[in-house]
Structures are given as C-alpha cells and as structure tokens.
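Dear colleague,

Please find below the structure for your records. The findings follow directly after it.

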Amino acid sequence: MSSPPRIAISLGASFMGYATHAGFMARLHALGVRPVALAGASAGAITSGLYAAGLEQEAIRQTVLSPRLYLAFASRTKWIWHQFVNVFKHRHPGFLDPKGAIAHFESLVGTRSIESLTDPKLMITLSDLSKNETLFASRGPLATAMAASSCVPMLFSPLEFDGRMCTDGGVAHETPVDPWFKDESIDHIVMHRITQPQGKPPLMLPGRLLDTIAASHESMTRQILADRIELARLHGKKLTLITTTHPRPSPLFPGRLKNCYQLGEDTAQKLFDTELSQLL
C-alpha cells in the first residue's frame with residue numbers, strides 16, 4: 001500500500017481574506033488533513049502563521065472574526081503627523097502605520113521565529129521594496145512577517161523585516177509556491193485563492209480607478225498562476241488550484257466575516273470530497 005501524499009497548502013492574498021482561509025484550514029483540519037508545509041501571502045500569511053504556530057482552531061476562529069485584528073493595523077498611527085509630516089521622510093509612504101499589528105500578532109503567537117515552526121513548516125512572502133524582489137521568508141520573526149506581508153501598498157507604510165523594507169507579499173506571488181517545486185518532501189501542492197464576483201461598476205471616479213487596478217492585478221495574477229501550474233508539472237508535482245468566491249469583506253461590516261469563514265469551510269469540504277479523500 002502506497003503512502004499518502006505529502007501535502008503543502010498555499011493561502012493566497014486577498015483583502016481581509018484571512019477569515020475565509022481560516023475556515024478553509026479548519027475544515028481540512030477537522031477532516032484529518034495535516035499539511036507538511038504551509039505558505040501565505042498577505043491575508044494568507046496571517047492565517048498560515050496562526051495555524052503553523054499551533055493555535056487551537058477555535059482560537060483562530062475568534063481571532064479572525066474579531067475587529068481587533070484589522071484595527072490593530074491602524075492602532076499606532078499618529079494621526080495627522082503620519083499622514084502629512086512623516087510621509088515626506090520616507091520614499092515609500094503609507095496612509096497608516098501598521099506597527100500595532102506586530103504587537104497584536106505577538107500577543108497571539110509570541111516572539112517565536114518562522115524557522116522554529118516545523119509541523120507544518122512555514123513560508124511567508126513579502127515584497128522587498130529596496131531590491132524590488134519577492135522574499136520567500138522561512139526565517140525571521142513570525143509576527144513581523146505576518147504583519148509586513150499584509151501591508152497593502154499606499155494604505156500601510158512598509159515594515160522592516162530582516163533589514164529590508166517590506167510590503168504586501170501578494171504583489172507578485174499572490175499564492176506562493178515556487179520554492180516547493182524543488183522540495184523533495186512535498187508531493188502535492190494545494191493553492192487556495194479568494195476572488196470577488198463581477199458586480200456593477202462603481203459610480204464614482206476613485207472607485208472606478210481602484211476597480212481598474214484590481215482588474216489589472218487579477219489579469220497579471222492569472223498569468224502567473226498559469227505559469228506556476230506548468231512549472232509544477234515540469235517538476236513532477238501535482239498541483240490543485242481551488243477558489244472561494246464572495247464579495248470583498250469590509251471593515252464597516254465585521255459580521256460578514258462569519259459568512260466568509262463558512263464559505264471557506266464549504267470550499268475545503270468540496271476539495272476533500274472530490275479529491276483529497278481518495279488520496280488519504
């Protein structure tokens with residue numbers, strides 16, 4: 001009898017998509033799926049960090065449904081000073097100071113390092129603004145990596161990680177997998193993405209501009225995903241791409257995160273029923 005495949009799961013970037021990812025991972029966990037490796041970008045970095053750190057599933061659920069999580073990204077902002085004075089001192093400014101997020105994540109996962117997590121091992125992506133490249137972090141302070149990977153450009157100021165000024169890990173690698181292609185301890189890669197349904201275009205110009213940026217990024221992401229699927233095939237890795245689609249969560253309606261969590265659970269159940277149950 002052959003051994004079950006060693007599964008690695010990558011959780012993609014999505015604004016406030018951490019609740020959806022958490023529901024996805026919770027259902028897989030309940031079904032007995034234990035990944036040997038976990039990766040995340042942006043919102044995916046938050047959920048993957050909480051899971052890899054060994055938090056109980058109910059504790060993760062309470063964390064991702066609480067407004068305290070997204071409010072932490074603005075809690076240490078020096079209003080007015082940061083927006084109108086501090087921005088002139090930095091080459092890559094942001095509207096909000098996200099340092100409070102580091103403290104919040106440290107209250108949850110402590111001051112442990114990424115390399116100390118081995119069951120599963122963890123990888124978090126960040127975008128290095130000084131070298132203009134993606135950093136696939138497998139070492140360094142966990143809480144800082146989780147926060148820095150989630151810093152949406154222009155909305156949040158970059159954070160220092162490993163001596164580099166870093167921002168949103170989903171800029172070039174929305175669902176990070178590249179280092180796994182040559183990892184002999186991984187057989188099967190699962191990528192979980194979160195997308196938004198097409199709706200009516202925004203009425204006002206700022207909304208339409210943001211909508212255009214989002215559509216352009218989605219086009220780029222789909223091309224990169226197609227390339228990653230081909231690379232996985234060339235390296236002999238089985239790759240499964242699965243998507244959860246729902247309206248973009250909003251800080252104004254935190255109660256909607258419960259529905260996102262449930263939809264993530266539903267996606268995980270579908271993945272298990274159609275594919276993973278036959279392998280495990």
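How many of the residues of helix 2 (residues 43–52) are buried? The helix is mostly covered, with 10 of its 10 residues buried. Here, buried means under 20% relative accessible area, exposed means over 50%, and partly exposed lies in between (1.4 Å probe, protein chains only). Helices (H or I, at least four residues) and strands (E, at least two) are DSSP runs numbered from the N terminus. Among the buried residues of helix 2 are Ile 46, Leu 50 and Tyr 51. Gly 54 follows helix 2 and has a positive phi, near 90 degrees.

Please note that this is a predicted model, in which local features need pLDDT of at least 70 and side-chain atom pairs count only at pLDDT 80 or more, while totals for chains, interfaces and linings use all residues. Residues are numbered from 1 along each chain as its sequence is written, and side-chain values use heavy atoms, with hydrogens and water left out.

Regarding the chain as a whole, its secondary structure comes to 9 helices and 8 strands. The radius of gyration (taken over C-alpha atoms) is 18 Å, close to the 19 Å that the globule rule (2.2 Å times the number of residues to the power 0.38) gives for 280 residues, so the chain is as compact as a globular protein of that length. The C-alpha trace spans about 65 × 45 × 35 Å along its principal axes. Of the 280 residues in the chain, 51% are buried. Among contacts (heavy atoms within 4.5 Å) with a separation of 6 or more, 74% are accounted for by residues 24 or more positions apart.

Gly 100 belongs to helix 6 (residues 99–109) and is buried, with a relative accessible area of 4%. Apart from neighbours within four places in sequence, Gly 100 is in contact with Ala 72, Ser 75 and Arg 76. The C-alpha atoms of Gly 100 and Ala 72 are separated by 5.1 Å, although the two are 28 residues apart along the chain.

Ile 80, in the loop between helix 4 (67–71) and helix 5 (81–84), is exposed, with a relative accessible area of 57%.

Yours sincerely
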